[in-house]
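This report describes the helices of one structure, the contacts between them and the salt bridge search. The sequence and the coordinates are shown first.

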Amino acid sequence: MVDVGLFISYILIGVCVLAAVGMPLMKAMGDPDSLKKMGMGVGALVVVFIVSFVLADGTPQGDASATTAKMVGAGLTTFYILAIAAIGGIVYTEIKKAAE
């Protein structure tokens, strides 16, 4: 019974991922400017991840291989960069609103 539940869960996750990615793309097809902005956002995320991957330390720890350690380090660095950018954006917006 557990195997069937996992199988159904995987199918539902796949459907949700397709809907989450497909719906904005379908809507953006009618508006090229929106598609361009979406591409710039995805490109910026890819650049942040590449920079994080280059900066990551690939020292293996425990059972993890060097590649796994480097990917984990890159993921953590990406998270830190995006979290700092989000907090900075919030602070900037609040200061700008207060100055008006």
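## Basis of the description

Contact is taken to mean heavy atoms within 4.5 Å. Helices are DSSP runs of H or I with at least four residues, strands are runs of E with at least two, and both are numbered from the N terminus.

The model is predicted, so local features need pLDDT of at least 70 and side-chain atom pairs count only at pLDDT 80 or more, while totals for chains, interfaces and linings use all residues. Residues are numbered from 1 along each chain as its sequence is written, and side-chain values use heavy atoms, with hydrogens and water left out.

## Ser52 and Thr78

Ser52 is a residue of helix 2. Apart from residues up to four places away in sequence, Ser52 touches Ala74, Thr77, Thr78 and Ile81. The relative accessibility of Ser52 is 0%, so Ser52 counts as buried; the classes are buried for under 20% relative accessible area, exposed for over 50% and partly exposed in between, with a 1.4 Å probe and protein chains only.

Thr78 belongs to helix 3 and, at 12% relative accessibility, is likewise classed as buried. When neighbours within four places in sequence are left aside, Thr78 is in contact with Val48, Phe49 and Ser52.

## Helix 3 and its cover

The buried residues of helix 3 are Ala69, Gly73, Ala74 and Thr78. Helix 2 (32–55) is included in what covers them. Phe53, a residue of helix 2, is in contact with Lys70, Met71 and Ala74 once neighbours within four places in sequence are set aside. Phe53 is partly exposed, with a relative accessible area of 31%. Between Phe53 and Gly75 the C-alpha distance is 7.9 Å, with a sequence separation of 22 residues.

How far apart are the end C-alpha atoms of helix 3? They are 49 Å apart, which agrees with the 50 Å that its 34 residues should span at 1.5 Å a residue. The expected span is 1.5 Å times one less than the number of residues in the helix.

## Helix 1 against helix 2

The axes of helix 1 and helix 2 come within 8 Å and cross at roughly 135°. This makes helix 1 oblique to helix 2. Axes are lines fitted to C-alpha atoms, for helices over the stretch in contact, and angles run from 0 to 180 degrees between N-to-C directions. Angles under 35 degrees count as roughly parallel, over 145 as roughly antiparallel, 65 to 115 as roughly perpendicular, and the rest as oblique.

On the helix 1 side, Pro24, Leu25 and Ala28 meet Pro32, Ser34, Leu35 and Met38 of helix 2. The residues of this contact divide into six nonpolar, one polar and no charged. Here Ala, Val, Leu, Ile, Met, Phe, Trp, Tyr, Cys and Pro count as nonpolar, Asp, Glu, Lys and Arg as charged, and the others, Gly among them, as polar.

In the loop between helix 1 (2–28) and helix 2 lies Gly30, which is exposed at 70% relative accessibility.

## The salt bridge

One salt bridge, defined as a side-chain nitrogen of Lys or Arg within 4 Å of a carboxyl oxygen of Asp or Glu, is found in a search of the whole structure. The partners are Lys97 and Glu94, whose closest N and O atoms are 3.7 Å apart. Both residues lie in helix 3 (residues 66–99), three residues apart, about one turn of the helix. An α-helix has 3.6 residues a turn, so residues three or four places apart point the same way. Lys97 is exposed, with a relative accessible area of 53%, whereas Glu94 is partly exposed at 44%.
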